[in-house]
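These are my notebook entries from one sitting with the model. I list what I looked up, in the order in which I went through it.

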Amino acid sequence: MKPIIVLSRCLNRERVRYNGGLINDEFVNKLENYIDFITVCPEVDIGMSVPRAPVILVRLNDEIRIIEPISQEDFTERMINFSKNFLSNLKEIDGFILKAKSPSCGVGDAKLYSQDFKKYIGKTNGLFANYAKEFYPYLPIEDEGRLNDYWIRQNFLTKAFAYADLRSLKNNFKKITDLIRFHQNYKYLIMLYSPNNLKKMGSLVANWEKLGLEKTFEKYEELFKDTFSKRQSIKAHINVIQHIYGHFSDFLKPKEKRHFQTLLDKLREDRIYLKVLLEFIRNFAYRFEDEYLLSQKYINPYPLDLEVF
Ligand code: SF4
């Protein structure tokens, strides 16, 4: 199942920016074959025209408002109503890719101004992005600028494809073996985000008869969302890779072991991309015909074609 991602409409879609412009983003382009997009332009969708005078975020007492400085028209209520309505009507989504720096869509990098519109006082979420985070705290929400970073992109894709997989399981879930297989495939990926949740989820699945099929799935879904709302770290990757290494280390020659340790040290120092280690593991999984490892989502979290670095 393809992930379903909410996309700012000015990214590779329509000329809806305040100046009538469109952003052509290479990565969004690359995703077209692998993702189903739902587009949104909060500003146009609340009735603003194209082109239009730009709006800005302004701090008024304890509130952040979205205002057009020349006319001083305040769009805050309209934007809040639209955001709540749009977000609560989304049925199944796996993440958001929003436009960086926008007062509506920006993810943490929209400029915030003083009450007189003159002084820049910091950065914050765009108004729509802020509600997206509030409604879907467990989903990956990024902007096209942040997705140029290898780790942020890797994390975003991993989570979006994991949520799409969970949706697919939920829609076709009939027997406990479906969940057992799913959990087996996700073992190392769950370990990456939360070794603690891995234990809880393993015990939940093993003792499913206590709660029954439906309740077990509900609880599993809850823990899955909690797991994938966390961050990954290089330290956590190294822990997972060392566990996986245990599958085939006994069969390696001393020089291969030394080479593996060198790669691991480089990853620890952030001197190589994770994909180098993953390729190393995949090669050995093929060589030793380790079907268990080959089925692990950790080594194949999303289509290889999306690795562009
Ligand atoms: S940044 Fe958001 S509000 Fe602005 S044009 Fe793009 S989609 Fe519309």
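**Entry 1: the ligand shell**

I began with the classes of the residues in the shell around the ligand, and I noted six nonpolar, three polar and four charged; here Ala, Val, Leu, Ile, Met, Phe, Trp, Tyr, Cys and Pro count as nonpolar, Asp, Glu, Lys and Arg as charged, and the others, Gly among them, as polar. I keep in mind that this is a predicted model, in which local features need pLDDT of at least 70 and side-chain atom pairs count only at pLDDT 80 or more, while totals for chains, interfaces and linings use all residues. Residues are numbered from 1 along each chain as its sequence is written.

Which residues come nearest to the ligand? Of the 13 around it, I wrote down Cys-10, Cys-41, Lys-99, Ser-102 and Cys-105, where a residue is near if its C-beta atom, placed from the backbone, lies within 6 Å of the molecule. Helix α2 (residues 42-45) gives the largest share of the shell, three residues; helices (H or I, at least four residues) and strands (E, at least two) are DSSP runs, numbered from the N terminus.

**Entry 2: the whole protein**

I counted 13 helices and nine strands in the protein, and its C-alpha atoms fill a box of roughly 70 × 50 × 35 Å along the principal axes. Buried residues make up 33% of the 309 residues, a residue being buried if 20 or more other C-beta atoms lie within 10 Å of its own, exposed if 12 or fewer, and partly exposed in between, with C-beta atoms placed from the backbone.

**Entry 3: helix α4 and its partner**

In helix α4 (residues 127-135) I found Leu-127, Phe-128, Ala-129, Asn-130, Tyr-131 and Ala-132 buried, and these pack against α2, β4 (63-68), α3 (76-88), β6 (95-98) and β9 (141-143). The axes of α3 and α4 come within 9 Å and cross at roughly 40°; axes are lines fitted to C-alpha atoms, for helices over the stretch in contact, and angles run from 0 to 180 degrees between N-to-C directions. On the α3 side I listed Met-79, Ser-83, Lys-84, Leu-87 and Ser-88, which meet Leu-127, Phe-128, Tyr-131, Ala-132 and Phe-135 in α4, two residues being in contact if their C-beta atoms, placed from the backbone, lie within 7 Å. This contact divides into seven nonpolar residues, two polar and one charged.

**Entry 4: helices α7 and α9**

How do the axes of α7 (residues 195-206) and α9 (residues 213-228) cross? They come within 10 Å and cross at roughly 170°, and the two helices are therefore roughly antiparallel, a term used for angles over 145 degrees. Asn-197, Lys-200, Met-201, Leu-204 and Val-205 in α7 meet Thr-216, Lys-219, Tyr-220, Leu-223, Asp-226 and Thr-227 in α9, and by class I noted five nonpolar, three polar and three charged residues in this contact.

**Entry 5: backbone details**

I checked the peptide bond joining Val-50 and Pro-51, which is cis with omega about -5°; Pro-51 is found in the loop between α2 and β3 (56-60). Asp-270, a residue other than glycine, has a positive phi near 60° and sits in the loop between α11 (254-268) and α12 (274-287). Is Asp-270 buried or exposed? Asp-270 counts as exposed because it has 11 C-beta neighbours inside 10 Å. Glu-289, in the loop between α12 and α13 (291-294), also has a positive phi, about 45°, and counts as exposed with 8 C-beta neighbours inside 10 Å.

Conventions. Angles under 35 degrees count as roughly parallel, over 145 as roughly antiparallel, 65 to 115 as roughly perpendicular and the rest as oblique.
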